[in-house]
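Open the structure in your viewer and keep the selection tool ready. Each stop below says what to select and what can be found there.

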Amino acid sequence: MAAREQLLFVCSSCGYESRKWLGRCPDCGEWDTLSEQKKRKIRVGKTVAEVHLLVGEGGEEPMRLVTGISELDRVLGGGIVPGSMVLIGGDPGIGKSTLILQLLAALARQKHKVLYVTGEESVGQIRMRADRLAVQSSNIFIATENSVQAIIALSEEVKPAFLAVDSIQTMYSEETGSAPGSVTQVRESTSLLVSLAKNSGLPIILIGHVTKDGAIAGPRVLEHMVDTVLYFEGDRGQVFRVLRTVKNRFGSTNEIGVFEMKESGLAEVDNPSALFLAERPVNVPGSVVMPSVEGTRPILVEVQALVSPSSLGTARRTAIGADPQRLALLTAVLEKKIGVTLFDHDIFLNIAGGIRIDEPALDLGVIVALLSSLYEKVVDPTTVVCGEVGLAGEIRGVGQMEMRLREARRLGFKTFLMPESSNRRLEAGETPGMQVHTVRTVHDVVERLFVP
Ligand code: TYD
Ligand code: MG
């Protein structure tokens with residue numbers, strides 16, 4: 001059996017790999033960050049893999065661990081899959097550790113033995129948080145540890161049904177030379193934990209801080225290594241928190257769970273539409289409601305725009321909770337197709353409540369809010385709008401209209417402005433109690449809402 005040895009140099013800052021040593025990393029531009037990694041042996045000449053028939057036993061969906069926190073179970077695709085690796089990313093202070101402790105408490109309540117390993121806080125600090133959350137259980141084991149090898153040994157000793165590691169940036173593998181938090185360490189530690197999960201069937205949840213500049217490895221470099229990636233988002237000044245699935249080998253993506261941060265921990269929000277519309281100003285120009293669908297759940301959000309003459313040389317364009325590129329595109333469509341002058345106006349767009357909307361169905365909401373602010377004309381507060389806008393000024397159909405309609409009706413809205421093609425696809429009788437108006441172009445929108 002021949003073993004071929006290969007030299008490998010890895011950048012400790014960005015993870016760039018090279019066959020030869022370089023003084024400066026060609027990827028991130030840092031100096032003197034490449035160092036030789038432990039030699040990898042590539043074995044040739046012996047077959048070790050096993051092949052199986054595609055058909056056979058063992059293809060069924062395994063029993064999931066259901067937490068009972070339904071906002072969390074939904075984003076996981078219906079619970080935690082045995083042997084799976086879940087990554088929760090988010091800004092520091094957003095509430096990741098709080099969420100994990102509540103998750104562990106929920107599993108412990110079902111008599112599962114769970115292990116929480118932290119490299120960030122002391123046992124005393126975790127106990128303080130547990131007091132605040134009124135979590136008490138002899139099924140929850142806690143440890144402060146930074147070495148992945150020690151964590152693996154610990155989990156073999158404790159034999160938990162679930163392991164949580166907080167956070168991956170504080171962990172290190174004893175076999176890798178670089179500092180905790182570096183790309184190499186974060187990757188190596190994760191890959192050791194992934195092997196633990198796959199080999200033993202132990203489900204593991206990893207916490208990762210999102211970092212601003214890639215100086216320290218954030219969760220993005222790990223996304224491809226794990227089964228499920230969740231992001232915990234929200235504005236720290238606000239109480240809402242959105243848990244969003246960005247990758248899931250065992251369920252659909254784009255699901256969201258909505259929580260509210262309270263004195264005694266995170267509370268599930270069953271009626272997010274009501275929450276996001278709670279402080280909506282009525283009869284004010286520049287505001288309109290849009291029924292969005294995130295995964296399998298409809299949420300009504302308020303789209304706000306402020307369009308005002310610019311006092312500076314270059315007009316400002318700001319989008320919060322929406323894609324700035326999309327705003328630029330829609331502004332251009334309005335200028336070209338309706339002939340409004342916007343280049344000398346500052347434009348601010350905001351989705352109220354700190355939620356982020358990515359779907360193109362938001363477009364119609366954006367142009368209605370922009371025009372409403374520009375013309376200083378109020379949009380009827382019982383109207384919702386939804387549709388994609390194309391470059392030719394056409395209003396294009398969007399999916400899941402039934403779901404959007406139902407949610408709008410449930411919250412007492414009376415009129416729905418939608419693309420003509422979406423309306424054609426709706427079956428008769430699907431809109432009782434709701435008046436549907438259709439539009440084909442941005443011109444129709446202006447005529448329908450802003451021409452007296
Ligand atoms: P934490 O879970 O420590 O955040 P992360 O692990 O993402 O860094 O929670 C951070 C914030 O949450 C902290 O500022 C205090 C607040 N908080 C509450 O409002 N209520 C609570 O019950 C708890 C435990 C925390
Ligand atoms: Mg934390």
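**Stop 1: two crossing helices**

Select helix α7 (residues 324-338) together with α11; their axes come within 10 Å and cross at roughly 80°. Angles from 65 to 115 degrees count as roughly perpendicular, and α7 and α11 are therefore roughly perpendicular to each other. To see where they meet, show side chains: α7 contributes Val-333, Lys-337 and Ile-338, and α11 contributes Val-442, His-443 and Val-446. Keep in mind throughout that this is a predicted model.

**Stop 2: the whole chain**

Zoom out and colour by secondary structure. The protein chain has 11 helices and 23 strands. Its C-alpha trace spans about 80 × 55 × 50 Å along the principal axes. Of the 452 residues in the chain, 48% are buried. How much of the contact between residues at least 6 apart in sequence joins residues at least 24 apart? The share is 67%.

**Stop 3: an aromatic pair**

Three aromatic pairs turn up in a search of the whole structure. For one of them, select Tyr-375 and Phe-450: the ring centres are 5.6 Å apart and the planes stand at 65°, so this pair is edge-to-face. Tyr-375 belongs to helix α8 (residues 363-375) and Phe-450 to helix α11 (residues 442-450), so the pair ties together parts that are 75 residues apart in sequence.

Phe-450 is buried, at 4%.

**Stop 4: Ser-372**

Stay in helix α8 and select Ser-372. Ser-372 is buried, and its relative accessible area is 0%. Which backbone oxygen does the side chain of Ser-372 reach? It is that of Lys-377, at 2.6 Å.

Now show what surrounds Ser-372. Leaving out residues up to four places away in sequence, Ser-372 touches Pro-285, Gly-286, Ser-287, Lys-377, Val-378, Val-379 and Phe-450. Phe-450, a member of this list, is also the ring partner of Tyr-375 from the previous stop.

**Stop 5: the two sides of α3**

Select helix α3, residues 123-132, and pick out its buried residues: Ile-126, Arg-129 and Ala-130. Why do these sit on the same side of α3? They cover an arc of only 100° around the axis, which puts them on one side of the helix.

Turn to the face of α3 that points away from the buried side. The exposed residues there are Arg-127, Met-128, Asp-131 and Arg-132. Then go back to the buried residues, which pack against α2 (96-109), β7 (114-118) and β8 (140-144). Just past the end of α3, select Ala-134, whose phi is positive, at about 55°.

**Stop 6: Thr-170 in a loop**

Move to the loop between β9 (162-166) and α5 (183-200), and select Thr-170. Is Thr-170 buried or exposed? Thr-170 is buried, with a relative accessible area of 16%, and the cut-off for buried is under 20%.

A polar atom of the Thr-170 side chain lies 2.8 Å from the backbone oxygen of Ser-167. Beyond its neighbours within four places in sequence, Thr-170 is in contact with Gly-119, Glu-120, Asn-146 and Pro-180.

**Stop 7: Thr-245 in a strand**

Select strand β12, residues 240-248, and find Thr-245 in it. Thr-245 is buried, with a relative accessible area of 0%. Its side chain reaches the backbone oxygen of Val-75 at 3.0 Å. With residues up to four places away in sequence left out, Thr-245 touches Val-75, Val-229, Leu-230, Ser-252, Thr-253, Asn-254 and Glu-255.

**Stop 8: Arg-19, an exposed residue**

Finish in the loop between β3 (17-18) and β4 (34-36), where Arg-19 lies. Arg-19 is exposed, with a relative accessible area of 57%. Apart from neighbours within four places in sequence, Arg-19 is in contact with Gln-6, Leu-7, Leu-8 and Phe-9.

Key. Residues are numbered from 1 along each chain as its sequence is written. Chains are lettered from A and ligands numbered from 1 in the order in which they are written. This is a predicted model: local features need pLDDT of at least 70, side-chain atom pairs count only at pLDDT 80 or more; totals for chains, interfaces and linings use all residues. Side-chain values use heavy atoms; hydrogens and water are left out. Buried means under 20% relative accessible area, exposed over 50%, partly exposed in between (1.4 Å probe, protein chains only). Helices (H or I, at least four residues) and strands (E, at least two) are DSSP runs, numbered from the N terminus. The arc is that of the directions from the helix axis to the C-beta atoms. Contact means heavy atoms within 4.5 Å. Rings of Phe, Tyr and Trp (its six-membered ring) pair if their centres lie within 6.5 Å; planes under 30 degrees apart count as stacked, over 60 as edge-to-face and the rest as tilted. A polar contact is a pair of N or O atoms within 3.5 Å; within protein, one must be able to donate a hydrogen and the other to accept it, and residues adjacent in sequence count only if both atoms are side-chain atoms. Axes are lines fitted to C-alpha atoms, for helices over the stretch in contact, and angles run from 0 to 180 degrees between N-to-C directions. Angles under 35 degrees count as roughly parallel, over 145 as roughly antiparallel, 65 to 115 as roughly perpendicular and the rest as oblique.
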